[in-house]
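This briefing goes with the sequence and model shown here. Please read it with both in view.

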Amino acid sequence: MDHRRRDLLKTLGLGAGLVLSPSCQRAFESGADLSAPPVSGTLAAEQLELISTLAELIIPSTDTPGAIEAGVPSFIHQIVVDWYTQAEQQIFLDGLAELEAGAERHWGTGFLALDAEQQSILLTEMEPPSEGAPGSTMRVPPGAAGDVPFYQKLKELTVLGYYTSELAARTELDYQPVPGHYDGDARWDTESRQWVR
Amino acid sequence: MSAQDAEFDAIVVGSGISGGWAAKELTERGLKTLVLERGRPLEHGAGYVGEHQPAWKTPYRGLPLRDLYQDQYEIQRTSYAFSETTRHFWNNDAENPYDYDPDKPFEWLRAGVVGGRSLLWARQVYRWSDLDFEANLKDGHGIDWPIRYADIAPWYSHVERFIGVSGAQEGLPQLPDGEFLAPMAMNVLERHVREQIEANFPERTMTIGRTAVLTQPLPGSNRGVCHYCGPCHRGCSVGAYFSSQSSTLPAAEATGNLTLEANAVVASLEHDPATGRVRAVQVIDTLSGARRTVRGKLIFLCASAIGSAQILLNSKSEAHPNGLANGSGALGRYLMDHTYGAGARGIFAGYEDFYPRGSRPNGIYIPRYRNLRDDEELPFLRGYGYQGSASRLGWQSMARLTPGFGAEFKASLREPGPWIMSIGGFGECLPNAENRMTLHPAKVDRYGIPLVSFDFRWSENELAIIEQIQLDAREMLAAAGAKEISTYNAEKVGGSAIHEMGTARMGRDPADSVLNAFNQAHEVPNLFVTDGAAMTSSSCVNPSITYMALTARAVDYAVTQLKDGAV
């Protein structure tokens with residue numbers, strides 16, 4: 001296992017004592033079937049790495065930490081494995097496989113071997129036309145459950161996992177568990193951050 | 001004194017908003033009082049395990065536990081206040097089911113702990129006016145209330161002084177002012193909308209919500225003031241919002257006259273034909289299933305509109321073959337709720353350099369303005385009020401509205417989105433004999449108590465109100481300058497406003513009502529019902545303060561009667 005992958009698993013909270021199951025190990029060595037369902041409650045290492053790369057692509061590290069540092073990949077892993085139904089899980093994993101297939105088709109290599117720009121092109125191709133109208137925001141069900149397509153599942157989970165993380169609460173957002181008062185005329189300026197609710 | 005060995009001066013069934021008040025008022029008058037609560041014990045403060053719990057410590061970051069909720073909380077999960085931060089307060093629907101016609105569903109939202117729904121309520125408190133108390137008499141729907149505003153006004157004051165109500169004086173005859181603590185502030189957009197509504201519709205007003213949350217220290221109370229963390233329904237260990245747990249039960253406890261028993265479901269009341277009184281209460285221990293009898297001189301049913309009527313319907317005897325105190329046949333009928341879940345929301349341009357600070361556990365209120373006079377030609381009787389609030393769209397909504405991903409996407413989510421204001425109506429429900437709850441003829445719960453069975457649907461009047469609520473909401477938001485407006489109607493079923501009432505109504509005539517003007521059963525002098533069951537009509541305002549005031553008033557009467565030897 002190379003250094004990068006070890007760090008990734010640590011980020012996922014799966015590093016210590018992780019033993020890949022035999023089937024997982026085989027998938028890892030032979031080029032994984034990315035749409036394969038989890039074994040023993042864990043996705044294959046290549047699926048995890050793809051999730052991690054995609055989450056960071058959606059919310060990268062900038063002047064504040066990005067998705068990986070905020071623990072988003074392990075959150076997505078948990079939702080896909082524990083919370084999604086089998087059908088929802090399959091939509092998600094098929095999406096991973098589709099991205100991988102797209103990379104092979106366009107560039108003859110795996111998704112993870114592409115540079116960020118190429119990865120973004122593939123991901124952008126999956127984006128549905130924007131519905132755009134404020135007031136219709138509630139159409140995405142919590143967790144992008146149901147038959148919501150892969151792209152929206154991935155984006156919704158990344159956003160949820162990021163903005164509800166403790167790290168984002170303390171960097172990207174303003175965490176004041178006990179505000180103490182209400183000011184309906186408070187100002188927004190460039191230094192302001194949205195409140196953690 | 002344990003419940004087994006003594007006769008109590010009074011027995012209160014239920015520890016929610018009404019039961020807590022009954023306990024406080026009875027014990028403060030020196031009566032040895034037993035409170036029976038079907039729910040689990042819960043300690044004020046320590047029991048609020050979801051309080052201030054951040055998302056990263058909440059399972060699945062707050063996403064619903066779908067299988068569990070489907071299996072065990074099929075009804076309770078529909079509430080906005082139901083989540084992993086509050087689930088421990090709610091009823092388990094699988095353990096405590098009820099019955100309804102699937103074509104006419106009714107949502108019975110219940111708590112399952114000491115303090116009842118006073119822990120979970122939305123804390124909005126509005127006095128009724130004579131517009132409400134005279135409504136049945138004027139339009140002929142239902143029977144006349146046996147009381148008027150003047151009868152209850154001093155009791156509203158009594159309650160307000162103890163619970164602490166934040167609000168603004170408005171001088172409106174249809175929404176009498178009370179004894180208020182400092183009002184919470186409207187935010188910048190809400191003030192703009194209020195100005196525009198009042199400029200365009202002279203008969204309409206928008207005020208800040210009147211809420212049982214302390215905005216300043218309450219004289220004589222050690223409850224803390226609000227710190228604006230937001231979700232009161234998770235519990236408030238400083239006691240800033242009123243609940244039985246924070247307020248009435250501790251007051252009752254302090255008298256030394258209170259005995260509180262949790263896990264104690266009341267199956268029925270035992271009527272003594274010789275005296276015409278209730279002589280005993282049949283109690284089942286919810287953990288062991290053990291049955292026992294407790295005795296009290298006064299019985300106060302405060303088990304909620306549905307729960308209290310269920311107990312009475314299940315208390316049949318030779319003298320009361322259709323249920324206790326049901327000579328009129330009104331028991332279980334005239335079930336009402338408020339229309340709920342319809343309104344409009346609008347996006348506003350501007351005010352982008354404002355972003356309110358703190359999470360205000362309260363919104364705005366637009367009091368009823370329809371049918372205040374007799375000469376309006378509207379396709380419905382009575383009226384509705386609105387609750388709502390304005391805020392800026394946050395990251396979750398904006399992420400769904402913002403295409404793309406990456407650094408630019410992330411940067412764009414840093415700034416909050418545009419302002420949105422939403423107003424939703426609560427409409428009055430007419431009393432209707434066909435809307436009712438009964439005991440299921442065959443199905444029983446795990447204690448052998450017959451299940452409650454609902455038969456409820458909105459009448460044409462409520463459906464017309466729901467339509468008008470949407471039209472008026474759009475009209476007001478448009479007048480206030482909203483750029484994009486969408487109306488909504490969630491087609492909520494009965495019960496979903498959690499304002500169910502009317503199942504043992506008060507009245508002047510024993511032939512058509514269960515209770516008299518003091519919430520005393522016409523037919524059973526030592527029996528009082530002071531929760532939502534007692535309501536003769538529904539008004540359109542949130543009902544809890546009226547239950548509290550009626551309870552305090554009924555206790556005052558009952559104790560006087562007891563001392564005079566009349567009960």
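This is a predicted model: local features need pLDDT of at least 70, side-chain atom pairs count only at pLDDT 80 or more; totals for chains, interfaces and linings use all residues.

Residues are numbered from 1 along each chain as its sequence is written, and chains are lettered from A and ligands numbered from 1 in the order in which they are written. Helices (H or I, at least four residues) and strands (E, at least two) are DSSP runs, numbered from the N terminus.

**Contact between the chains**

- Chain B places 46 residues in contact with 44 residues of chain A; a contact requires C-beta atoms, placed from the backbone, within 7 Å.
- On the chain B side, two or more residues each come from strand 11 (339–348), helix 9 (395–401), helix 10 (407–414) and strand 17 (484–489) of chain B.
- Helix 9 of chain B contributes the most to that side, with six residues.
- By class, the chain B side holds 26 nonpolar, 11 polar and nine charged residues. Ala, Val, Leu, Ile, Met, Phe, Trp, Tyr, Cys and Pro count as nonpolar, Asp, Glu, Lys and Arg as charged, and the others, Gly among them, as polar.

**Helix 7 of chain A and its packing**

- Helix 7 of chain A has 14 residues and spans 20 Å from its first C-alpha to its last, close to the 20 Å expected at 1.5 Å a residue; the expected span is 1.5 Å times one less than the number of residues.
- In helix 7 of chain A, 12 of the 14 residues are buried. A residue is buried if 20 or more other C-beta atoms lie within 10 Å of its own, exposed if 12 or fewer, and partly exposed in between.
- These buried residues pack against helix 3 (45–58), helix 4 (72–83), helix 5 and helix 8 (166–170) of chain A, together with helix 9 of chain B.
- Helix 5 (residues 86–107) of chain A and helix 7 (residues 150–163) of chain A pack at an angle of about 100°, with their axes 9 Å apart. Axes are lines fitted to C-alpha atoms, for helices over the stretch in contact, and angles run from 0 to 180 degrees between N-to-C directions.
- Helix 5 and helix 7 of chain A are therefore roughly perpendicular, a term for angles of 65 to 115 degrees.
- The contact involves A:I91, A:F92, A:D94 and A:G95 of helix 5 of chain A and A:F150, A:K153 and A:L154 of helix 7 of chain A.

**Helix 11 of chain B**

- Helix 11 (residues 460–479) of chain B has 20 residues and reaches 29 Å from its first C-alpha to its last, close to the 28 Å expected at 1.5 Å a residue.
- Its buried residues are B:N461, B:E462, B:I465, B:I466, B:I469, B:D472, B:A473, B:M476 and B:L477.
- They lie on the same side of helix 11 of chain B because they cover an arc of only 140° around the axis, taken from the directions from the helix axis to the C-beta atoms.
- The face of helix 11 of chain B turned away from the buried side carries exposed B:E460 and B:L471.

**Two single residues**

- B:T560 is in helix 12 (residues 544–563) of chain B and is partly exposed, with 13 other C-beta atoms within 10 Å.
- B:G47 sits in the loop between strand 2 (33–36) and helix 2 (66–72) of chain B, and counts as buried with 20 C-beta neighbours inside 10 Å.
- The C-alpha atoms of B:G47 and B:G235, 188 residues apart along the chain, are separated by 8.2 Å.

Conventions:
Angles under 35 degrees count as roughly parallel, over 145 as roughly antiparallel, 65 to 115 as roughly perpendicular and the rest as oblique. Two residues are in contact if their C-beta atoms, placed from the backbone, lie within 7 Å.
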